Amino acid sequence: MKVVVDMNKCQDHGQCVFASPDVFSMDDDGHLLYVADPDESLRDEVEEAADVCPLQAIRIEA
């Protein structure tokens, strides 16, 4: 599974961090960090993170 975040759309709301803290986090400046190739076992929470993103900036590929 590959996670892609459109950083031009992302406004660092952080909803993904709550939905999938193993994949998404915020740096000290409040900007989003994420694991681009998380383990497949995390798919459900990554899909939840994509669903709750207010700007739909998260995409999951294969």
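Q: What makes Glu40 count as partly exposed in this predicted model?
A: Glu40 has a relative accessibility of 42%. Buried means under 20% and exposed means over 50%, with partly exposed in between, so Glu40 is partly exposed.

Q: Why is the pairing of Glu40 and Arg43 called a salt bridge?
A: The N to O distance between their side chains is 2.5 Å. The cut-off asks for a side-chain nitrogen of Lys or Arg within 4 Å of a carboxyl oxygen of Asp or Glu, so this pair is a salt bridge.

Q: Is Arg43 buried or partly exposed, and how do you know?
A: The relative accessible area of Arg43 is 21%.

Q: Why is the contact between Arg43 and Glu47 called a salt bridge?
A: The closest N and O atoms of Arg43 and Glu47 are 3.7 Å apart. The limit is 4 Å, so the pair qualifies. Arg43 and Glu47 lie four residues apart in helix H2 (residues 43-52), which means that about one helical turn separates them. Glu47 is partly exposed, at 33% relative accessibility.

Q: What makes Glu40, Arg43 and Glu47 a network?
A: Salt bridges link these residues: Arg43 pairs with Glu40 and also with Glu47.

Q: How do you know that Glu61 and Arg59 form a salt bridge?
A: Their side chains meet at 2.8 Å, N to O. This is within 4 Å, so the pair is a salt bridge. Glu61 has 31% relative accessibility and Arg59 has a relative accessible area of 44%. Both values fall between 20% and 50%, so Glu61 and Arg59 are partly exposed.

Q: How many salt bridges does a search of the whole structure find?
A: The search finds three.

Q: What makes Val3, Val5, Cys16, Phe24, Leu32, Val46 and Ile58 stand out in the largest nonpolar core?
A: Of its 15 residues, these touch the most other members. Strand E1 (2-5) and H2 each supply at least two residues of this core, and H2 gives the most, with three. In soluble globular proteins, nonpolar side chains tend to be buried together.

Q: Which residues is Phe24 in contact with, leaving aside its neighbours within four places in sequence?
A: Phe24 contacts Val3, Val5, Cys16, Val17, Leu32, Leu33, Tyr34, Ala49 and Ile58. For each of them, heavy atoms lie within 4.5 Å of Phe24, so each counts as a contact.

Key: Residues are numbered from 1 along each chain as its sequence is written. This is a predicted model: local features need pLDDT of at least 70, side-chain atom pairs count only at pLDDT 80 or more; totals for chains, interfaces and linings use all residues. Side-chain values use heavy atoms; hydrogens and water are left out. Buried means under 20% relative accessible area, exposed over 50%, partly exposed in between (1.4 Å probe, protein chains only). A nonpolar core is a set of buried Ala, Val, Leu, Ile, Met, Phe, Trp, Tyr and Cys residues joined through side-chain atoms within 4.5 Å.
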